[in-house]
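Dear colleague,

Please read them alongside the coordinates.

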Amino acid sequence: CRVRLCGVSSHSHFDGLEGTAIARDLHRWKVKLRATDKWLMVPEKHLEVLDVSDENGRRRLIREWQYPSQNPEDPRWLIDKMVARQLGTTRIVGKVMKWHDYHIGASVRYEDGDSEFLPLGKAKSMVIDDLSPEELETSRRRIAAYNNEPLKYSPPPPSPEQTSPPILKRRRIISPTEYDTSSPSLDLMAETRVKSSPSHLSYEDRSSEYTPTDVSSPTRRTSSTSRTPPSTSSCKKPIIFFNPIFVEHEGGGQDKGGKWLEEIVKKLRRRRVARASHRTLSKACEWVSDASREVTLDEIAATGVHSEEYLHDLQAIDQHINSGRVLKQRGVDLASKQCCSIIGRRRAEVPGECIMDTQTLSAALLRCGLTRDALQRVLADEAPVALVLARPACHHVPFYLGIEGDDTGSPLGPLIVFLYPQDSPAKSSDSTESVKCCQCKKGDNERCLLVCDNPDCGHGWHSFCLPYPLGHDVLFMKDFRDRKWFCPECLSTEGRISSAEADACRLLITVCQGRAKESPSPPSCTDSPEAKALKKLPIGNEISLGFCFINAVAFAVKELLNSLPGDKRIMILDVDVHHGNGNETAFYDDPRVLTFSIHRYGPDRTGDYVMPGTGWHEDLGDEAVPESVGMNLNFEMHEGDGDREYVDVITRIVRPVVEQWRPDMMVLLCGFDAIDHSSAAVSFTGPGMDCKLSPEWFGWVYPYLASIVPSGRMVCCTEGGYNPESTGQAGWLLVGSIIEHLAAIERDQPRAVAAAIERRPDVLPISDFARQREWETRLSDHINKFRSVGWHIPV
């Protein structure tokens, strides 16, 4: 079980660290610290229980916790509490003796000698505090008289449908890591597909009228009709789409090598469905490694997701790499001079991020085919859910260089502002087109052009033309951007600004100059044509971004909707830590697709902007297409947001939206880069890598979403990963929750749906109430904005 060390006075540096309690020796527990190889023997009184995973809970060893905790969120808080049960008209008082785990519960001894094991919720509801001191002492003395009698736990008998016939023949247990026939490296197409009857859906027809200003207008499917869960008359396996080529693609940056995806597959081959079962998670699923038919670049261009020129450039680079002319390195960086020498231009802005190798284009096209097959099979009810384990990622493309509101250069509508720090001017007014430098009288080099913050001045100065030249890195320091800067004339002329403002500006300049590492020299004006092409692409050009090359999800959704008759609706929910700007661009004016992205936004604590710099909650859709307004929803997360905040967004915003719009299928984009990396053995840095999501959250999210989607149809696709340890755990928890939820649906569908909706992941108690108030304010602001475009979300 997951625990936290607390109150270790002799070794205070261990306080607050999390780990896993493995075994108990008398009153001490053997604890493995998280993300390290250290093992500690810790007294029980210095451990705080966070949760008990299903894997540990299924073990038949009875774990006992004897010391009470002062934290009400800790289940050990119940130890030594007095409880009471009603037997007819008589109240029998008991005492909680020990806490075992979430499957066994708390052991209770009553004053009449009887004992039982109670679940956590029931035990808390039975706690009493109305006994007088005399009655309390009498009850404790009666209970203590039975201390020598052991507490025996008897598991509940299995239900008739769970009882399996006795095994008459002893079988040899085969190691799943050596002989697992479901391994992706073997023949995965040998298994037959299980067909089933289609789900019975019940919902109202969508109204063709739309009034954006009328909240009560029938622009969405209302939830007044009764929800009919999907039919599960026959047992069906989830489908996993995976091919080894996805880990053979090298990639770049923190995604290099795809170790996180390989770790997920390894976990699925080793983890078992249940303690007593010989089946691994991989054997409980159907594996598909090849697409039903290949996807060509012409098919992708026909959907309008990417421009033909961009796709032809990717093909030219792929042909150059596979021709054997790339000798010194394994791939071509799309932001390098080598890319310019091949196609005459760059196709990326950030060096070392988007690198194509011999497998990149093939992997991207295969992902398109597998994603299309996943959507088709789930929508045809051939499988209840599909999981696409694939690289490279895809939700950051298409991306067009341009300025907001200008749609002249892009064939897909509005262009997105490129908000990397190197492209964002440090100090500028709303428009710098008419501002020129007071020294050189030129308006070029806009990235180095500063505008005075005095509203009565507004003069411009190049950073390298100032009497005190500023280095290029000073312009992007957080302190310099957040504070006011005044030109030399305002600083030297009395009366223009106050003396306090002038002193603050001089101090700011002195401090920032001391931190500067770059020289304040002006940009070179004698660059070669190739160097000029490397600096900036023309407005409207499409580029690769964030390890992404082709948007497989957008392609599959567009092709599926264009080929199906009727009014089908698909929702894309993106939980990657970075904004899914590619899906927003692809469906910004499409009322058939609802995109919802939960991501980091704005600068981090170092002042660097989180890529791609898009995803503001006021970007609600294309106003030129009234039906699409409100079909693009964004929620911006802040540093330190974790399970509690993500659960609030899912339960308080996503659920009302799903129940109102009633999509025919939901596509969940699982970005594992929002997981807490602070305790990782290897540092995963970068703007936005500061969320605190736990791997257990991914074990909660699928059953909840599948229970609120009317049809229950779900397709899960991987996006970002990075940390193999936490991502591998999140991956197998996700697959395990899928298998468990489908088994529960098969046994008792209404009960399983109700349990999944009511369940919440274990989160830490609120300790920073100021942060909690700020979070509630932020949540209310988003809810009010979404309500203004027709979504009926309770406040």
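R778 forms a salt bridge with E774, the closest N and O atoms being 3.2 Å apart (a salt bridge is a side-chain nitrogen of Lys or Arg within 4 Å of a carboxyl oxygen of Asp or Glu). The two residues, R778 and E774, are four apart in helix α21 (residues 769-787) and thus separated by about one helical turn; helices are DSSP runs of H or I with at least four residues, strands are runs of E with at least two, and both are numbered from the N terminus. R778 is buried at 8% relative accessible area, whereas E774 is partly exposed at 35% (buried means under 20%, exposed over 50%, partly exposed in between, with a 1.4 Å probe and protein chains only).

This is a predicted model, in which local features need pLDDT of at least 70 and side-chain atom pairs count only at pLDDT 80 or more, while totals for chains, interfaces and linings use all residues. Residues are numbered from 1 along each chain as its sequence is written, and side-chain values use heavy atoms, with hydrogens and water left out.

R367 and E719 also form a salt bridge, at 3.8 Å from N to O; because R367 lies in helix α10 (residues 360-379) and E719 in the loop between β24 (714-718) and α19 (724-747), the pair ties together parts that are 352 residues apart in sequence.

The chain averages a pLDDT of 78 (the predictor's confidence in each residue, from 0 to 100), but the pLDDT stays under 50 over residues 159-235. Where pLDDT is low, the predicted coordinates should not be read in detail.

Best regards

Conventions. Contact means heavy atoms within 4.5 Å.
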